[in-house]
Amino acid sequence: MPWNFERVAGPFRGATMGLAWDGSGMLFCAVDEERILRFDPETAAVEEFRKYTQRTGGIAWGPDNILFGSQEAGRRVIAFMPDGSARQTAYKIDGCFHNQPVDLVVDRSCCVWFCDPHSVRRPPGVFVFPPLPHASVLRLERTSHRQWSLQRVTYDTVAPRSLLLSADETVLYVAEGEVEQSGPRELRAYPIASDGSIGRFSILHSFGADYRGEHRGIVGMCLDSDGNIVACAGSRKSGPGPLVYVFTPSGAVLETHELPTDLPNRCAFGDANLGSLYVTSMDGCIYRGTNIGRRGHAAPFVRVSPQAV
Amino acid sequence: MDIDVIDPTFTRLVESRPPLDCIAQGISFGEGPVWDRREQCLYFVDIIGSRIWKYKPGIGREIVLEPTGHANGMTFDRDGRLTVAGWSGRSIWRIERDGAVITLVTHYQGKKINTPNDIVVHSSGAIYWTDSPNGLLFGGMVPDDAQQYIDEHGVYRLSPDGKDLRRVIDDDFYFNGIAFSPDESLLYVNNSADIQHIRVFDVHSDGSLGPGRLFYKPKRSEPGGVDGMKVDVEGNLYTTGPGGIHVLDPNGRLLGRLRVPAHCTNMTWGDEDWQSLYIATIHAVYRTRVKVPGVAVW
C-alpha cells in the first residue's frame, strides 16, 4: 500500500530538520531561522517552541522534559531546559573541541549519542579551536558528579549523518557518508556491548552511483514498533529518487515509498499511537504520511498520545 | 613592526619602524587590556582561560582573578575601580578598591542581558557598553545559560547613580568596540559582524545619543576585523582591523596600519606618558610605541 504524504507546514526559510514528538505536537527545526517550531496536528497551527537555536538540526527528548539539540553552529549538544534556559554539555574530548553535531539520540540511561561530522560551514567567530582529526559518533555520559563527559564511539566513520538505537539498545545504526565527500554512503549496524563499546559494523544497505552522480544516502532515521528502520534518503538528481525506506534490522528492504519532495531530511513518528510519519526536507516544509500501517517505536522519553487526532 | 603608510601624516603618529614587544604569551584569548595609572601596570583578560592578568613592566605578570565568567572588555572608572564587561557572565561588574566584586547589571527590562563585550566609563560616571549575543555561541566561552532572551543587539548606558539603565543604540548588529572622542562629544561603536563598520554618534548632555553616522568601513583583504578601539588625544581612532591596527583621523580617513602579525582583539594606551599601545591578540599581548599620547584612562 503506498503511503500518501501531504504537506502540513511550510515552507520555512532554509531546510527543515528535527524531529521530536512531544505527545500532542511535532517539534521540528527550521535550521536557517534558528528556531525550533511545533506543529499541532489538531489545529494545523505552527508555533515557536524555541528561538536562537544556533542551527540546531537534530532534537531528542531526554528525562525531565529536557530537549537535547545538536547545534551545528554552536558546535555543541545543548540541553533546552523546561524553564527556557539552555545548558551546554561537554564539548571537549581528549582536550580538544569536537566538531559540529548534526543528529542525536538519547538512550534510557540518559546518555546522548550524536553524530559529529566535519562541516563545510564554519562556526561563527574567531576560529580558535580546530576540528577533530576524525568525524565520529560520540556519546555524552553523566559522571557521578552530574557533570557531562564525552566518549568516542566509532573509529571508522568519516561522515556520520544520522544515528539510531535498536529498541533493546544493543545495536547502533549509523547512516554514514555524504554525497560529494569521500567514502561510501551506507547504513551500518554496530553491535553495542554491555560496557557501551561497539563492535565491528555490518552494512545493511549501500547506496550507489550512476552517470547522474552519487546517490544521496540516508539523512534521517527512526524506528517502528517492529524494530524496523524507517529512513529518508535520495534525491531526484540520481538513483531511485527521494524515498522513505523501511529496512528490517538485518537490512532487507521491506518497502519504499515515494516522497512528494526532493532531498528529504529527517523522519519521525507522531500523532495518535505514533501512527503517522512526519518528514522534513531541504525545501523547508513538513510532510506527513497517515494511514501508513506502521507505528513508531516509543523510544525512551518519547510521549505517546493514545487519543485520536 | 612593519607599517603601511596610507597618508604621509601617519608618520607624525608613529615611527617608520616602531617596536613590537611581546609582553605576554600562552594565553588562549587575549582581550580587555587597560592601563592602571595608579599602579602603573596593565590588566588584561584571557577570555577562554577565564582569568584577569596583571602585568607590571620590568617585573612580570600574575593572575588577579580566576574564574572570571569569561570576562571580556575592561576599563577603570573615576574612582579607580576595574569595571568589567562580563561577556559569558552576562553581567557588568567591577572590583572595588578593597577587592570586593560588585555586580552592577544582569538584566534589562526583566530579561537576562546577552553577553557584554566592551566597556567605557564617561567622566560623569555613566557606564556604556556593547552587548551582543555572540558570547552565547563561541566555544570555550559559553555561559551556564546559553539561551538568548533579548532580541536586540545593543549599546547600553547605566547612569552614574546606577539606577537608570537604558539601551541607547539598537539599530545594528554585533556591537563590539566602543570608545569616546577626547572631549566625549562623540561615541564610536563598531559592528563586528560581516558588515564590519564603525559608526559615530553625538553624545548629548543627558547621556543619550544622536543618530549614527558611518565613520569607517575597512576593506577585508586580510584576516582580522574591527573589534577593540581607542582614541588618542588628537582624536585619531585606532581600531583593530584586517591586517593589524588601522589608524584613522577624526574624519574617518585611513592614515595607515600597524602590521601586527597576529589577530588583534583590542588595545589600550599605557605607561606614564600614555604613548605605549598595548595590543591584545588571541594568544599574546604586545606593546608598541607611538608619538602622540592616547586618551588617559581614569
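**Figure 1. Strand E26 of chain A is largely enclosed by the rest of the structure, because seven of its seven residues (264-270) are buried.** A residue counts as buried if 20 or more other C-beta atoms lie within 10 Å of its own, as exposed if 12 or fewer do, and as partly exposed in between, with C-beta atoms placed from the backbone. Strands (E, at least two residues) and helices (H or I, at least four) are DSSP runs numbered from the N terminus. E26(A) pairs with strand E27 (residues 276-281) of chain A in the antiparallel sense over five bridges; pairing requires that DSSP find at least two bridges between two strands. A:Cys267 has A:Val279 in E27(A) as its bridge partner. Five residues lie between the strands of this hairpin, in which A:Asp271 takes a positive phi near 70 degrees.

The model is predicted: local features need pLDDT of at least 70 and side-chain atom pairs count only at pLDDT 80 or more, while totals for chains, interfaces and linings use all residues. Residues are numbered from 1 along each chain as its sequence is written, and chains are lettered from A and ligands numbered from 1 in the order in which they are written.

**Figure 2. Chain A contains zero helices and 28 strands.** Its C-alpha atoms fill a box of roughly 50 × 50 × 40 Å along the principal axes. Of the 309 residues in chain A, 48% are buried.

**Figure 3. Chain A and chain B meet through 18 residues from chain A and 15 residues from chain B.** Strand E9 (residues 86-88) of chain A gives the most to the side of chain A that touches chain B, with three residues. The residues on that side of chain A comprise ten nonpolar, six polar and two charged. Here Ala, Val, Leu, Ile, Met, Phe, Trp, Tyr, Cys and Pro count as nonpolar, Asp, Glu, Lys and Arg as charged, and the others, Gly among them, as polar.

**Figure 4. A:Arg38 is found in strand E4 (residues 35-39) of chain A.** A:Arg38 counts as partly exposed, because it has 18 C-beta neighbours inside 10 Å. Leaving aside neighbours within four places in sequence, the residues in contact with A:Arg38 are A:Gly25, A:Met26, A:Leu27, A:Val46, A:Glu47 and A:Phe49. Two residues are in contact if their C-beta atoms, placed from the backbone, lie within 7 Å.

Figure 5. A:Tyr52 has 18 C-beta neighbours inside 10 Å and so counts as partly exposed.

**Figure 6. Cis peptide bonds join A:Gly18 to A:Leu19 and B:Glu66 to B:Pro67.** Omega is about -5 degrees in the bond of A:Gly18 and A:Leu19, and A:Leu19 is in strand E2 (residues 16-21) of chain A. Omega is about -5 degrees in the bond of B:Glu66 and B:Pro67, and B:Pro67 is in the loop between strand E6 (60-65) and strand E7 (74-76) of chain B.
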